[in-house]
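Thanks for asking me to look this one over.

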There are 2 protein chains.
Amino acid sequence: MPEKPELDFPRPLTTVDVVIFAIRSDALQVLLVQRPRAETEPFPGAWALPGGFVDIAGDRDLEACAARKLKDKTGVVSPYLEQLGSWGSATRDPRGWSATHAYFALLPEHAAGGTLAADAQWFAVEGEKVRPKLAFDHAEILQAAVQRLRSKVEYTSLPAYLMPPEFTLPELQRTFEIVLDRPLEKSAFRTRMLAADLIEPVARMRRGPNRPAQLYRLKKARAPVFFARTFNPPG
Amino acid sequence: MPEKPELDFPRPLTTVDVVIFAIRSDALQVLLVQRPRAETEPFPGAWALPGGFVDIAGDRDLEACAARKLKDKTGVVSPYLEQLGSWGSATRDPRGWSATHAYFALLPEHAAGGTLAADAQWFAVEGEKVRPKLAFDHAEILQAAVQRLRSKVEYTSLPAYLMPPEFTLPELQRTFEIVLDRPLEKSAFRTRMLAADLIEPVARMRRGPNRPAQLYRLKKARAPVFFARTFNPPG
DNA sequence: CGAGTAAGTGTGTCTGAGCAACTAAGCTAG
DNA sequence: CTAGCTTAGTTGCTCAGACACACTTACTCG
């Protein structure tokens, strides 16, 4: 091939980061990894979102790269994975002009309980932040992810992806309440969830502490379903 | 600084592309540029979205890069500009692994009528496509942009950014109808636009073909406003 | 001067949110 | 064994708001 001068442009560093959410201990949590302590690394020892450089040889595309990083840290292979956005600037990485493609993933609790990478740990999301100070601009990315999750919950049934394969309506409502951080009205919630047509009843029932409850599962058709209105808390 | 071996990873090509929309001749149009005819270029002579490599030396961040490319092609400096997503894979560019950060912009008609770059031209959006076959995966990006625009129109008042500084309600409704490609109900449209609180009346009136109409303008506070429901066509 | 057209307003209907009451089923403590 | 507590799920009522349609007003043009 003839020479292509514009390819000699200096290229930005290209990374992919994944904001991995799960409900654990009745709280919204996010998975973070600790950066290596080597002095040659930026932000040594700091907590950061799981991510890293795109592997030109191994990654077919950006989403495959995000899925790989998720699998490396959690072992989970096919969760809900959605592109969040990209952040790129001259200053966000001390090593030079860099751009990251951010994804966010929703894991059911049972999957989140599996074997974790040694450097990974779950942290509770408090407001739109997390306790430790994050490396790079990852606090900003996390904030965007939480906002996106909360805003999509208002008009889709995304949190169903945080549930185990079979769940009861009260359990699903509890998950919505944890994500939204506000109480929801039982009757309206039921009406809307059934109208959304994203979940279907399973024949079996679950024996709860008081009485058996109907089990539901996610329907195969995974189109996000939009609600007509937002619900409001009682009182 | 000590050596940082991971920085020797081969880096993907990094570009920014902008999907620029405007209403022209009563239709939704998008700005395309023709790729150079040199045989050394990929897709010589084909139409493509305006875009190109990130300039590490000149661009502060991705959005500044997108704004620069928009200004280069249209002369417009501060339109509505929103990140759309990113597309990256080993195969989308014949020159190698590449990732593009896509933005979409909304231009008012009067701004879109200004001086265009020599290689740029407006094309009507038909469905979610455009007549000429596009270079790279730009058809896919364009499709995503149209879908995003249409879906956001359902619950925000984005199309107001396609209007001149002052406009009448029927003109605004016409713009909504062009973007959504379906008729809207006059009364409901009025109620919702006023409730959205994104536009405010101007003292003056415009003389129309039959009677003078109230002029409105965009409010300074540019927060996107969400509607409770979608409107439906009459009949 | 009358018909046509477009801007803007009024109105009845219907859906769904919010709230509370109520039933039913199982657990638990005495 | 039983009474009372807890929770799943249902029902009914009220109210607000959005929608569809129809009406009024005002201007133009022939």
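**Notes on the two chains**

1. Contact here means heavy atoms within 4.5 Å, and on that rule 35 residues of chain A touch 35 residues of chain B. Please keep in mind that this is a predicted model, where local features need pLDDT of at least 70, side-chain atom pairs count only at pLDDT 80 or more, and totals for chains, interfaces and linings use all residues. Residues are numbered from 1 along each chain as its sequence is written, chains are lettered from A and ligands numbered from 1 in the order in which they are written, and side-chain values use heavy atoms, with hydrogens and water left out.

2. About 3200 Å² is buried between chain A and chain B, with carbon and sulfur atoms giving 63% of that area. Buried area is the accessible area (1.4 Å probe) that two parts lose on being put together, summed over both. On the chain A side, Arg11(A), Ile56(A) and Trp97(A) lose the most area to chain B, together 20% of what that side buries.

3. Which elements of chain A give two or more residues to the side that touches chain B? They are strand 1 (13-24), strand 5 (80-89) and strand 6 (98-107), strands being DSSP runs (E, at least two residues) numbered from the N terminus. Strand 5 of chain A provides the largest share, six residues.

4. The residues on this side of chain A divide into 16 nonpolar, eight polar and eleven charged. Nonpolar covers Ala, Val, Leu, Ile, Met, Phe, Trp, Tyr, Cys and Pro; charged covers Asp, Glu, Lys and Arg; the others, Gly among them, are polar. Even so, the count of salt bridges between chain A and chain B is zero (a side-chain nitrogen of Lys or Arg within 4 Å of a carboxyl oxygen of Asp or Glu).

5. Chain A can be laid on chain B with an RMSD of 0.1 Å by a turn of 180° and a shift of 0.0 Å along the axis, superposing by least squares on C-alpha atoms of residues with pLDDT of at least 70 in both. The two copies are therefore related as by a two-fold rotation axis. Among the residues of chain A, Gly85(A) comes closest to this axis, at 2.8 Å (C-alpha).

Terms used:
Helix = DSSP H or I, 4+ residues; strand = E, 2+ residues; numbered from the N terminus.
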